[in-house]
Amino acid sequence: SMDEIGGVEIEGTPENLIVVSTMNKGPGHRVEPMDFAEKRRNGSTYYVNFLGKEYPEKEKELILDNTQATEPLAAEMVSVANEIRSTAENENTDLSYGLPTSVLLEWADEAYTNYIAGIPDPVIKAGESAVANAIYDHDQNEVETVNRIISKNMQTQDHFFADDEDDESSQNSRTETRYVCKDTDSV
């Protein structure tokens, strides 16, 4: 029973239950030792890397299924995320951690918003906002490193979004409204 969320009952064979949890480690995160009873209940522990490092095709599928990005853009975004992740793994760099999959989805979604708003370089601009400034804002060197990785890789995308090739009538039949907020510096 999961009492914390209203007593949801889980049915099945206890031996088939797999619990997936995450823990943030590194600078800025406090990690406490687990109680023995928690360790005993959780059993074996397996460490996995970011989804895109382990299964890039699955991360690309998530982007394709949940955003307007095309296959080439989704593949390039996963590649860029993996470069950021590899850079963070290198002890000689100034990145404190890699890029979560959820941030890739936000990046793709914001890039599409920029695109339909007519903002030049919509993917790069969204990368600056949704990735570098949002995730690495605690350190200007990290922001610059991430922006450099994004801009060098995102220069050559031909078709950014699924509706690039749609006719004008289907573009005018969108059922959503998106807003782009800009400060005095157009950021």
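This tour moves through the helices of a predicted model and then through selected salt bridges.

**Helix α4**

Begin by selecting residues 71-89, which form helix α4.

**Where α3 meets α5**

Keep α3 and α5 in view. The two helices pack at an angle of about 35°, and their axes are 10 Å apart. The crossing of α3 past α5 is right-handed. On the α3 side, select Glu 59, Leu 62, Ile 63 and Asn 66; on the α5 side, select Thr 101, Leu 104, Leu 105 and Ala 108, for these residues make the contact. Sorted by class, the contact has five nonpolar, two polar and one charged residues.

**Salt bridges**

Side chains of opposite charge can pair when their charged atoms come close. The structure holds six salt bridges, and the following stops visit some of them.

Select Glu 89 and Lys 53, whose side chains meet in a salt bridge at 3.9 Å, N to O. Glu 89 belongs to helix α4 and Lys 53 to helix α2, so the pair ties together parts that are 36 residues apart in sequence. Both partners are partly exposed: Glu 89 has a relative accessible area of 45%, and Lys 53 one of 28%.

Move to helix α3 and select Lys 60 and Glu 57. Their side chains form a salt bridge at 3.0 Å, N to O. Both residues lie in α3, three residues apart, which is about one turn of the helix. Is Lys 60 buried or exposed? With a relative accessibility of 11%, Lys 60 counts as buried, because the cut-off is under 20%.

Now select Glu 83 and Lys 152, which meet in a salt bridge at 2.7 Å, N to O. This pair links distant parts of the chain, with Glu 83 in helix α4 and Lys 152 in helix α7, 69 residues apart. Glu 83 is partly exposed at 24% relative accessibility, whereas Lys 152 is exposed, with a relative accessible area of 52%.

For the last stop, select Glu 57, Lys 60 and Glu 71 together: salt bridges that share partners join these residues into one network.

Notes. Residues numbered from 1 in each chain as written. Predicted model: local features only at pLDDT ≥ 70, side-chain atom pairs only at ≥ 80, totals over all residues. Heavy atoms only, no water. Helix = DSSP H or I, 4+ residues; strand = E, 2+ residues; numbered from the N terminus. Expected span 1.5 Å × (residues − 1). Axes fitted to C-alpha atoms, helices over the stretch in contact; angles between N-to-C directions. Left-handed = near helix turned anticlockwise from the far one by under 90°. Contact = heavy atoms within 4.5 Å. Nonpolar A, V, L, I, M, F, W, Y, C, P; charged D, E, K, R; others polar. Salt bridge = Lys/Arg side-chain N within 4 Å of Asp/Glu carboxyl O. Buried < 20%, exposed > 50% of the residue type's maximum accessible area, 1.4 Å probe, protein only.
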